[in-house]
Amino acid sequence: MVERVPWMTPADYEIMLFFEEHPILLSPRVIGTNIEYDRQYVSKRCRKLSKAELLEVVDTGLYQLSDTGRAYLEGELDVSELESDS
């Protein structure tokens, strides 16, 4: 089980799990449609997650799960390593 980071929202975990289940490049629109969140909100959360290095920006509007993100989901990352103001 992963430890929640104080600045993370419930949507952040769902976004990261979606990436884990679909290891391809994804846009906020595709993610939002599949996890039933607004595209703009998902886009905002993806930017936050990429600032924290949990996602990688591959191209304009395309993201993928980073190695840090994988480590977080596997419970192998000390959450104190994540920036508190991400």
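A residue counts as buried under 20% relative accessible area, as exposed over 50%, and as partly exposed in between (1.4 Å probe, protein chains only). By that rule Arg70 is partly exposed, with a relative accessible area of 35%. This is a predicted model, where local features need pLDDT of at least 70, side-chain atom pairs count only at pLDDT 80 or more, and totals for chains, interfaces and linings use all residues. Residues are numbered from 1 along each chain as its sequence is written, and side-chain values use heavy atoms, with hydrogens and water left out.

Stay with Arg70. Its partner is Asp67, and the two form a salt bridge with the closest N and O atoms 3.1 Å apart. The term salt bridge stands for a side-chain nitrogen of Lys or Arg within 4 Å of a carboxyl oxygen of Asp or Glu. Both residues sit in helix α4 (residues 67-73), three residues apart, so about one helical turn separates them. Helices here are DSSP runs (H or I, at least four residues), numbered from the N terminus. Asp67 is exposed, at 61% relative accessible area.

The structure holds two salt bridges. Side chains of opposite charge can pair when their charged atoms come close. Arg45 and Asp12 also meet this way, at 2.7 Å from N to O. Arg45 belongs to helix α3 (residues 39-51) and Asp12 to helix α1, so this pair ties together parts that are 33 residues apart in sequence. Arg45 is buried, with 5% relative accessible area. Asp12 is buried too, at 0%.

Now turn to how α1 packs. Helix α1 (residues 10-21) packs with helix α2 (residues 28-35) at an angle of about 105°, and their axes are 10 Å apart. That makes α1 roughly perpendicular to α2, a label for angles of 65 to 115 degrees. The axes are lines fitted to C-alpha atoms over the stretch in contact, and angles run from 0 to 180 degrees between N-to-C directions. Which residues of α1 meet α2? They are Glu14, Ile15, Phe18 and Phe19, and on the α2 side stand Ile31, Asn34 and Ile35. Contact means heavy atoms within 4.5 Å.

Last come the aromatic rings. Rings of Phe, Tyr and Trp (its six-membered ring) pair if their centres lie within 6.5 Å, and planes under 30 degrees apart count as stacked. The count comes to one aromatic pair. Tyr37 and Tyr41 form this stacked pair, 5.9 Å centre to centre with 25° between the planes. Tyr37 is partly exposed at 28% relative accessible area, and Tyr41 is partly exposed at 29%.

How values were computed
Helix = DSSP H or I, 4+ residues; strand = E, 2+ residues; numbered from the N terminus. Parallel < 35°, antiparallel > 145°, perpendicular 65-115°, else oblique. Phe/Tyr/Trp six-rings, centres within 6.5 Å; stacked < 30°, edge-to-face > 60°.
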